[in-house]
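This briefing concerns the structure shown below.

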Amino acid sequence: MDTTPSTPDPATTKVRKTDEEWRETLTPEEYRVLRQAGTERAYTGEYWDSHVKGSYRCRACGAELFTSEEKFDSHCGWPSFWAPLAEDRVVYLHDRSLGMERVEVRCAACDSHLGHVFEGEGYDTPTDQRYCINSISLTLVPEAD
Ligand SMILES: [Zn+2]
């Protein structure tokens, strides 16, 4: 008899919560950024200058989104990655707020706001893309050594 519990894969499982439930599980600042597409102030987040090896998960639902392998020093004040862990982990939305044409990046599993992606800025990375992500949208899980 197979008694292995089937754990849902957070990368493919859609997380659906009501606004009320998000407010209960997130801090007010997390809620503002993740659920209302806010932005933390530059150089104030936990991870913009972190070089710890590990994986970065969605603070709202726990899906693995980025790894330290693709993180680079952009000096922009937010954690920056040149690619997500896999393309299916994130979704893109055109954002025309603030009079700018930007591409918003959201968690594919729970639809929470992560940040924006910019490209062609001349960074010396394999993609020349910069996923500019709020620290507060992420939880770093350090690699076990
Ligand atoms: Zn998520």
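The model is a predicted one, in which local features need pLDDT of at least 70 and side-chain atom pairs count only at pLDDT 80 or more, while totals for chains, interfaces and linings use all residues. Residues are numbered from 1 along each chain as its sequence is written.

- Leu 65, with neighbours within four places in sequence left aside, is in contact (C-beta atoms, placed from the backbone, within 7 Å) with Tyr 56, Arg 57, Cys 58, Pro 84, Leu 85, Arg 89, Val 90 and Cys 107.

**Sheet**

- An open sheet is formed by 6 strands with antiparallel pairing, in the order E3-E4-E8-E7-E6-E5, where two strands pair if DSSP finds at least two bridges between them.
- Strand E3 (71-72) and strand E5 (90-95) each have a single partner strand and stand at the edges, so one side of each lacks a neighbour in the sheet.

**Strand E8**

- Strand E8 (residues 129-133) is joined to the antiparallel strand E7 (residues 113-119) by 5 bridges, with Phe 118 opposite Arg 130 and Glu 119 opposite Gln 129.
- Strand E4 (residues 80-81) also pairs with E8 in the antiparallel sense, over 2 bridges, and Ser 80 has Cys 132 as its bridge partner there.
- In E8, 5 of its 5 residues are buried, that is, 20 or more other C-beta atoms lie within 10 Å of the residue's own, with C-beta atoms placed from the backbone.
- Gln 129, Tyr 131 and Ile 133 point one way from E8, whereas Arg 130 and Cys 132 point the other way.

**Domain record**

- UniProt, in an unreviewed entry, places the feature "domain: MsrB" at residues 19-143, and such annotations may be inferred rather than shown by experiment.
- The end C-alpha atoms of residues 19-143 lie 33 Å apart, and the span is 12% helix and 34% strand.

Conventions: Helices (H or I, at least four residues) and strands (E, at least two) are DSSP runs, numbered from the N terminus. Two residues are in contact if their C-beta atoms, placed from the backbone, lie within 7 Å. A residue is buried if 20 or more other C-beta atoms lie within 10 Å of its own, exposed if 12 or fewer, and partly exposed in between; C-beta atoms are placed from the backbone.
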